[in-house]
Amino acid sequence: GVRVIPSMVAPENTPVYVEVQGRQDPELEFLSDNMVLQEKRRTGDRTLLTLSFRGRGQKTLKLSYDGGKWTKLHFYCIEDLESLIKARSRFIVQRQFYENPRDPYNRNHMFLPFDYRSGSTYRDADEVWEVGGNDEYGFSEPLYLAEKNVYYPDREEIATLEAYVADCLR
């Protein structure tokens with residue numbers, strides 16, 4: 001049995017705690033670069049590992065045990081959470097905030113879904129709720145921006161939210 005805390009996706013230089021339950025202490029083989037074993041200890045029938053990672057991407061640890069049996073644990077290292085939160089906010093403001101005062105459906109200053117294939121907001125669909133600025137497509141982004149700006153204020157994002165409130169919610 002394996003238990004991982006906080007998860008198998010972890011920011012760089014953040015401790016990841018791995019508990020491996022088994023009759024014997026497994027042999028460890030690091031199959032990726034920039035994996036750091038900070039601590040390894042055995043307690044009863046459990047091996048406790050403290051790992052950390054540098055450099056974004058997949059990190060693989062091979063556990064060998066019981067005379068030739070093995071398993072691989074695949075972790076994914078991401079950049080620090082503050083950077084990810086700020087990048088997501090920039091994307092929402094720059095790519096999903098729709099500005100078109102002449103829009104025939106009155107969607108000016110709404111948040112619309114983004115279509116990666118076309119590289120623009122998704123404005124045409126058979127289902128009106130998909131492009132109407134409401135439901136999960138239109139309401140989750142402003143909530144995210146509002147919460148983010150409590151901790152990491154940004155003037156442009158706050159101005160975008162103000163325009164959204166003034167032109168869409170009112």
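Reply: The part to examine is an open sheet of four strands, arranged in the order β2-β8-β7-β4 with mixed pairing. The strands at the edges are β2 and β4 (27–30), each of which pairs on one side only. On average, neighbouring strands in this sheet are turned by 30 degrees against each other, direction ignored.

Some conventions are needed before going further. The model is predicted, and local features need pLDDT of at least 70, side-chain atom pairs count only at pLDDT 80 or more, while totals for chains, interfaces and linings use all residues. Residues are numbered from 1 along each chain as its sequence is written, and side-chain values use heavy atoms, with hydrogens and water left out. Strands (E, at least two residues) and helices (H or I, at least four residues) are DSSP runs, numbered from the N terminus. Two strands are said to pair if DSSP finds at least two bridges between them.

Consider the pairing of β2 with β8. Strand β2 (residues 9–11) and strand β8 (residues 69–78) run parallel and are joined by three bridges. Within this pair, Val-9 stands opposite Tyr-76 of β8, and the bridge partner of Pro-11 is Ile-78. The loop between β1 (2–5) and β2 contains Pro-6. The peptide bond from Ile-5 to Pro-6 is cis, with omega near 5 degrees.

Strand β8 also pairs with β7. Here nine bridges join strand β7 (residues 57–65) to β8, and the two run antiparallel. Thr-60 stands opposite His-74 in β8. The two strands form a hairpin with three residues between them, and in that turn Asp-66 has a positive phi of about 50 degrees.

Cys-168, with a relative accessible area of 23%, is partly exposed. A disulfide is a pair of cysteine sulfur atoms within 2.5 Å; a search of the whole structure finds zero of them.

Contact means heavy atoms within 4.5 Å. Not counting residues up to four places away in sequence, Phe-30 touches Met-35, Leu-37, Leu-51, Thr-60 and Leu-61. Thr-60, as noted, is the residue opposite His-74. Phe-30 and Leu-63 are 33 residues apart in sequence, and their C-alpha atoms are 9.0 Å apart in space. Asn-34 lies in the loop between β4 and β5 (35–43). Although Asn-34 is not a glycine, it has a positive phi of about 60 degrees. Its relative accessibility is 30%, so Asn-34 counts as partly exposed.

Helix α1 (residues 81–96) and helix α4 (residues 155–169) pack at an angle of about 50 degrees, with their axes 10 Å apart. Axes are lines fitted to C-alpha atoms, for helices over the stretch in contact, and angles run from 0 to 180 degrees between N-to-C directions. Angles under 35 degrees count as roughly parallel, over 145 as roughly antiparallel, 65 to 115 as roughly perpendicular, and the rest as oblique; α1 and α4 are therefore oblique to each other. The crossing of α1 past α4 is left-handed, a term used if the near helix is turned anticlockwise from the far one by less than a right angle, whereas clockwise gives a right-handed crossing.

The residues that meet here are Ser-89, Arg-90 and Val-93 in α1, and Glu-156, Glu-157 and Thr-160 in α4. Thr-160 counts as buried, because its relative accessibility is 7%. Leaving aside neighbours within four places in sequence, Thr-160 is in contact with Val-93, Phe-97 and Phe-111.

One loop remains. Asn-106 is found in the loop between β9 (97–98) and β10 (110–111). The phi of Asn-106 is near 55 degrees, a positive value in a residue other than glycine. With a relative accessible area of 63%, Asn-106 is exposed.

Conventions. Buried < 20%, exposed > 50% of the residue type's maximum accessible area, 1.4 Å probe, protein only.
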